Amino acid sequence: MKDAIGSVENTGLPKEGRRRERVILDERGMIDMPFMILTILLVGIGVIMMFSASYASAYIREGSSTFYFARQGGFALAGIGVMLLVSRFNYLNWYRFAMPVLGVTVFFMLLVPIMGVEEGGAKRWLDLGFISFQPSEIAKLAIIMGFARMICESKDKIKTFKGLLPYAGVLGVIILLLVFQRHLSAMVIITAVATAMIFMGGAKLRWFGLIFAVAAVFAFVYLNFMGYAADRVIAWRDPWSDPQDTGFQIIQSLYAIGSGGLMGQGLGRSRQKYLYLPEEHNDYIFPVVCEELGFVGAMLIILLFMMLILRGFWIAIHAKDRFGALLAGGITTLLALQVFLNIGVVTNFLPATGISLPFFSYGGTALLLQLAEMGIVLSVSRQCDNNLLA
Amino acid sequence: MARRFRRYAKKEPTGTPVERANRTTLSRTLILMILCGVVLFIPLISVLYNLMIVEHDKYEEMAIHNQTRSMVLTADRGVIYDRNMNIMASSSTVETIFLDPNAISKAEEEEEQKRLEGDEDYNPDRSAIYIAKGLSEILDVDMDTIRELAADTKYYYKVVKRKVPEETAQKVRNFINEHELTGLVNLEMDSQRYYPYGSLAGQLMGFVRTDNVGAEGLEAYYDATLTGNAGAIITTKGNQNSEMLYTYEKYYDAADGNSLVLTLDVTVQYYLEKNLEEAMARYDVKNGAFGVVMDVNTGEILGMATLGSYDPNNYQEIYDEELSLQLEQQYQQALLMGKETQAYTDSMAAYNAAIASARLRQWRNRCVSDGYEPGSTFKLITLSAALDSGAVTENNSFVCNGTGHVYANRDQPVDCWKLVGHGTLTTKEALGASCNPSFATMGVLMGDKTFYNYIKNYGFLERTGVDLPGEATGLFFSEADFCGVSQASMISTTFGQTFKITPIQLARAVAAVVNGGYLLEPYIVGEVMDAEGNTVTKNEPTVLRQVISEETSATMREMMEYVVTDGTASKAKVPGYRVGGKTGTSEKMDVFDEFGKLVDDKICSFVGVAPINDPQYVVLVALDTPSKESNAMIGGGAMAAPTVAAIMSDVLPYLGIDPVYTEEDLNLIEYSMPDLIGLTEAEAKIELDKKNLTYRVVGEGATIMDQLPAAGASIPGKSEVVLYFNQSAPTDLVTVPDFLTYNLNNANYLATTNGLYMLITGANKHDPNVTATYQDIPAGTQVPRGTMVTVEFTDYSAGE
């Protein structure tokens, strides 16, 4: 095996990667079955719950209760296909593609303010005719790939201040582009993921102090001075201060979650989904899950997510090389952050930002991308040989 | 293996930089694993546990409230009937018209969309402007007001108009249907209270506010009984009226309110109020009047009135026209001040305060809520206590010198109202003359403690427990003050001064005086009935205790009759009935003029019982501050006694107590002249005898050709009619003379010589002290010959 993919002993990097990875289609090792099963399980549950949640709104808005379900179901099947395909694609190839992917992403993001599709007061979507997507979603993956590669290349430079500057530069460009989109949730996630990457990459711990300080200052400014955000903060602290307007969504969400109780109303029996809870098949799908499946069901799904995340990190730890570890770790961190932020927001534990719940929220391209990401982790898992433990 | 151990030992960085970097990545990934895979989820799980388990009930309830639309099934408010099932208060269905501004704004958006798309379903009527225009025409509400309501698009419920009658509501419904406004304009059932008798017994009824809560009177006291329970249909409903797949429906039956059957009799109430009003006009009474009619044996209240009253149908309006006009002027003057000036603000505040206090005053039931000084009417209590305790017997004698009676432990001497003095009086005469020193002596004879106990037993220190809101206890001395070293309070109490009691307290105490001594709990609701007419509860007479013995009570009845026949209350006589009672004229102890001087305002009252030989009803009347300008002598005997007599003569026959006329009563009775034309003299005599009339004949003939007075005219008993046998009766007009100040015989002569009949009311006694004080047809009026004039005589020797 080592012969085939080259030695990692010297640099932690696949020299062959630099030289051109010969093995593109990689079926040498078994993919990690627990990870794949957990993913498919969550996708399955997610699609079913999305169907239930969108039942009423699909009928009202699209004239057919199965409208969203049919589309999401199609994307889920396609997504699983993509996942399996990507899992066969030797992840070391991403070492080569990392910078181009980052470049293309930045290009797309530059396009957004120019030819983006406006939705709800902000331009975040690109419509390329055959597909429409949010470049910021790709940016999340791109930054993982880009940083993974930069870390592997830079050896120990990451431990110096100078060595950190390229990361800050890349991150800064992307954040700047997101500012144009007024896409706060993406900024938060990308910053957090980037931080996780350089953390795994070995940056000195004191820099994290700096990062947290900057984040704290930003949070302070955000909470106190940004008018657009102020409403959300007020609604977060006391949703009932303006129940008809800013607090409306979170109140409806709490109604749904709270009325779930231990066992829930039963699958399909959510009442809040009948046009009370906005975004019920989107960012606010988890409240419907809580309402229908109860605390037990919600815990089961959280447990599945936890297991998937732990398994993702397990794969990272057992990756053949650092690039693989960083890829799997970064993707898994991204997944964990999305789940945390989504559930945190719908339970009013965190102030509202628009973050979808992976595998559950409606959105075809997002689901495709998530499953592709899972595919990357799976492809890392094929080559797990505990090299890092050696 | 060795390398591994070294790694775990981690004493010093070992291995190549790559190995070290790998190890860093590994260990940090482990840290992230714990952080992302476990730590992040702990707060989420705890928050979810809290929401879904700990606060589940709270949120579920809120959610259900959020998801359900309840249709209220209104419960009809119970009816209030009088004792003969006449409806005194009932409810009718009206509707509330309200907008859903949120739905209107959404509809406007939809229609705008349709318009842009050129949809042929486009309906421009579904807009706030059109709705405001339509509704303002139907409901007579300002269009801009409706548009403002519709502009609050965050809301779902904005009332345009309440209490809209069914007919108008139907027009709104048609408007909604014609213009596809369902859901934008809505109707809701409500009810409106209606009082068919208007102001009659207004304070007893009370009223119902716009929120359907009873305020004041029986509506307030029995609010819970009358209201019933509103029911509801609760159904789950998706937002924007979408249908839910899984719904539930709960149905709560509405329970209509129970009805009240009062002991009150509208006819009695009518006579009570009518006579009080007449008395107020006649004696120019300044501060209103009140009266109670109560069954002495059961405590049932048959009538209870406070004037000036108000109309519960329009309870905010000031009923007294003069006062209302005055307030309107005050309002206009305030407006003249010019807005935003201090003077304007002050005048408006003064106006608002004035109108609020005027409202409170007209809603007030003085018979239960206010104390007043009973004056001499309280002597019944003093005397019955003195007799019952044995301190005084019928055979005591009292000496009255008029002024300067001095009693131990009282600094102020007691004067009698008759300044020249009554001389020596028996017990009965002392009551008949209402002699203050005699009663002071009775108080001393029985002693403060005994007297105080009787007062307590008569219930003057407690509420009567009548089922009306806001009952007062009055204002009486504590036992320590009453029985202290100073006897001043005890002595002024004997003649009813320097304390306050409520009219209802006095009425039931007097009932106890005459009914054998039994103190009752007065009540006004005889029965509570459910909507189907089944009895729910029935109020039975409640005897609280016996205050005086049957014998004392019998003696008191005799003495009370003496007050009317030979005492101060001669004007309380009612022909055909034996009446007993007691007059009272009290100075108000707490009304001062602007110089701080005690104002000589008086309350004239009379408490009468009939028939006194078999007591049935007690009638208490008080006139607050009659004016000297009425030319009548101010006093209970002169003003309140005839008012009670008038009430009794109206009410007693109605209540089924037949009059028994004595010979001397006959000329006091008003008869209707029979038609005698065409009869023989013998036949006419039979007819006239039936009515105690005599006749004289003019001319000769077989049958009567004409008569005077004409058939159907009123004529006093014992009068002489004229029968014409061969000619017509004269048809000339005569002038009514001025009877005032004439004594009885002279007045009679005056009437006869002027070709008139005189019906005597009041003191029927030929005595220089008894003179005419009132005539119902003013002097100088031209009337047909043979008309009856009612003349009232007052006994000035009786005083009070």
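This is a predicted model: local features need pLDDT of at least 70, side-chain atom pairs count only at pLDDT 80 or more; totals for chains, interfaces and linings use all residues.
From α3(A) come Pro34(A), Phe35(A), Leu38(A), Thr39(A), Leu41(A), Leu42(A), Ile45(A), Met49(A), Met50(A), Ser52(A) and Ala53(A). Their partners in α12(A) are Ile285(A), Val288(A), Val289(A), Glu292(A), Ile301(A), Leu304(A), Phe305(A), Met307(A), Leu308(A), Arg311(A), Gly312(A) and Ile315(A). By class, the residues of this α3(A)–α12(A) contact are 18 nonpolar, three polar and two charged.

**Geometry of the helix pair**

- Helix α3 of chain A spans residues 33-62, and helix α12 of chain A spans residues 285-317.
- The two pack at an angle of about 160 degrees, and their axes lie 10 Å apart.
- Because angles over 145 degrees count as roughly antiparallel, α3(A) is roughly antiparallel to α12(A).
- The crossing of α3(A) past α12(A) is left-handed.

**Contact between the chains**

- On the chain B side, 43 residues are in contact with 54 residues of chain A.
- Three elements of chain B each give two or more residues to that side: α2 (17-39), α3 (41-54) and α4 (56-67).
- The most comes from α2(B), with 15 residues.
- The side of chain B that touches chain A holds 25 nonpolar, 13 polar and five charged residues.

**Chain A overall**

- Chain A contains 14 helices and three strands.
- Of its 390 residues, 55% are buried.
- Among contacts in chain A with a separation of 6 or more, 72% join residues 24 or more positions apart.

Methods:
Residues are numbered from 1 along each chain as its sequence is written. Chains are lettered from A and ligands numbered from 1 in the order in which they are written. Axes are lines fitted to C-alpha atoms, for helices over the stretch in contact, and angles run from 0 to 180 degrees between N-to-C directions. Helices (H or I, at least four residues) and strands (E, at least two) are DSSP runs, numbered from the N terminus. Angles under 35 degrees count as roughly parallel, over 145 as roughly antiparallel, 65 to 115 as roughly perpendicular and the rest as oblique. A crossing is left-handed if the near helix is turned anticlockwise from the far one by less than a right angle, and right-handed if clockwise. Two residues are in contact if their C-beta atoms, placed from the backbone, lie within 7 Å. Ala, Val, Leu, Ile, Met, Phe, Trp, Tyr, Cys and Pro count as nonpolar, Asp, Glu, Lys and Arg as charged, and the others, Gly among them, as polar. A residue is buried if 20 or more other C-beta atoms lie within 10 Å of its own, exposed if 12 or fewer, and partly exposed in between; C-beta atoms are placed from the backbone.
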